[in-house]
Amino acid sequence: MIDKATVDRIIAAANIVEVIGDFVQLRKKGVNYQACCPFHNEKTPSFVVSPSKGFFKCFGCGKGGNAVGFVMEHENMTYPEALKYLARKYGIEVHERELSAEETRRNDNRESMMVLSHYAADWFADQMFKTDVGQSLALGYFRGRGFTDATIKRFGLGYCPEGGDTFTRAALADGYQEEFLTGTGLSGKRDDDCTTGFSAG
Ligand SMILES: [Zn+2]
């Protein structure tokens with residue numbers, strides 16, 4: 001495990017324009033930088049990098065985050081891998097400490113819940129975009145309120161079908177464990193307690 005002080009140093013050292021500039025041709029626009037998004041196909045740039053905030057954001061597909069998040073997403077790395085990559089880039093020495101069994105378990109849990117949250121966001125979006133009832137009820141509703149499809153995707157809106165436990169059953173069938181379903185709050189004891197707008201955050 002990389003200790004917190006080192007993580008802070010890496011994040012402080014990582015210049016987001018330099019980090020992203022290694023992979024994407026950035027153009028300066030005002031105080032920010034702009035490019036065509038590396039995460040979705042587009043012809044007009046909606047990918048913005050803010051050096052002052054240390055953040056990137058794509059207004060097309062909704063992806064955003066800091067330098068570490070960019071490296072994770074773009075290079076398909078885990079959080080520690082991305083930190084080590086940035087540490088190498090900025091000449092920061094990284095001492096790793098062995099995790100205790102308890103810490104390993106906690107990290108595994110956190111990772112499982114993150115994976116599950118992404119799965120859920122995709123699932124609810126599919127229910128809205130790819131089912132008849134989702135399209136007519138939820139998608140029709142959002143479009144009727146003036147939401148464009150790009151906005152709907154950007155905010156990770158989705159549709160939860162009636163009969164409450166549909167998601168839980170789908171997730172269990174896809175191999176997700178019940179303890180994480182309840183741990184993330186995605187499945188509750190009350191099955192009719194259902195979310196219509198699910199944020200992928
Ligand atoms: Zn994008």
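Which residues in H1 meet which residues in H4? Val7, Ile10 and Ile11 in H1 meet Tyr79, Leu83, Leu86 and Ala87 in H4, where a contact means heavy atoms within 4.5 Å. Before going further into that pair, here is some background on the model. This is a predicted model, in which local features need pLDDT of at least 70 and side-chain atom pairs count only at pLDDT 80 or more, while totals for chains, interfaces and linings use all residues. Residues are numbered from 1 along each chain as its sequence is written, and side-chain values use heavy atoms, with hydrogens and water left out.

Let us start with the overall picture. The protein has nine helices and five strands; helices (H or I, at least four residues) and strands (E, at least two) are DSSP runs, numbered from the N terminus. Along the sequence, the pattern reads α-α-β-β-β-β-β-α-α-α-α-α-α-α. Taken along the principal axes, the C-alpha atoms fill a box of roughly 55 × 50 × 20 Å. Of the 201 residues, 33% are buried, where buried means under 20% relative accessible area, exposed over 50%, and partly exposed in between (1.4 Å probe, protein chains only). The protein exposes about 12400 Å², and carbon and sulfur atoms supply 50% of that area.

Now back to the first pair of helices. Two packed helices are described by the angle between their axes and the distance between the axes. Helix H1 (residues 4-13) packs on helix H4 (residues 79-89) at an angle of about 60 degrees, and their axes are 10 Å apart. The axes are lines fitted to C-alpha atoms, for helices over the stretch in contact, and angles run from 0 to 180 degrees between N-to-C directions. H1 and H4 are therefore oblique to each other: angles under 35 degrees count as roughly parallel, over 145 as roughly antiparallel, 65 to 115 as roughly perpendicular, and the rest as oblique. By class, the contact of H1 with H4 has seven nonpolar, no polar and no charged residues. Here Ala, Val, Leu, Ile, Met, Phe, Trp, Tyr, Cys and Pro count as nonpolar, Asp, Glu, Lys and Arg as charged, and the others, Gly among them, as polar.

Stay with H4 for a moment and find Ala82, which lies in this helix. Ala82 is buried, with a relative accessible area of 0%. Leaving aside neighbours within four places in sequence, Ala82 is in contact with Val68, Val71, Met72 and Met77. Asn76 is exposed, with a relative accessible area of 71%, and its phi is near 55 degrees, a positive value in a residue other than glycine.

Next, look at the strands. Pro51 sits in the loop between strand S3 (47-50) and strand S4 (55-58). Pro51 is partly exposed, with a relative accessible area of 36%. Not counting residues up to four places away in sequence, Pro51 touches Ile16, Val17, Val31, Asn32 and Tyr33.

The axes of helix H5 (residues 101-130) and helix H8 (residues 166-173) come within 11 Å and cross at roughly 125 degrees. H5 and H8 are therefore oblique to each other. Tyr119, Ala120, Trp123 and Phe124 in H5 meet Thr166, Phe167, Ala170 and Ala171 in H8. The residues of this contact divide into seven nonpolar, one polar and no charged.

Notes:
Accessible areas come from the Shrake-Rupley method with a 1.4 Å probe; for residues, only the protein chains shown count as cover.
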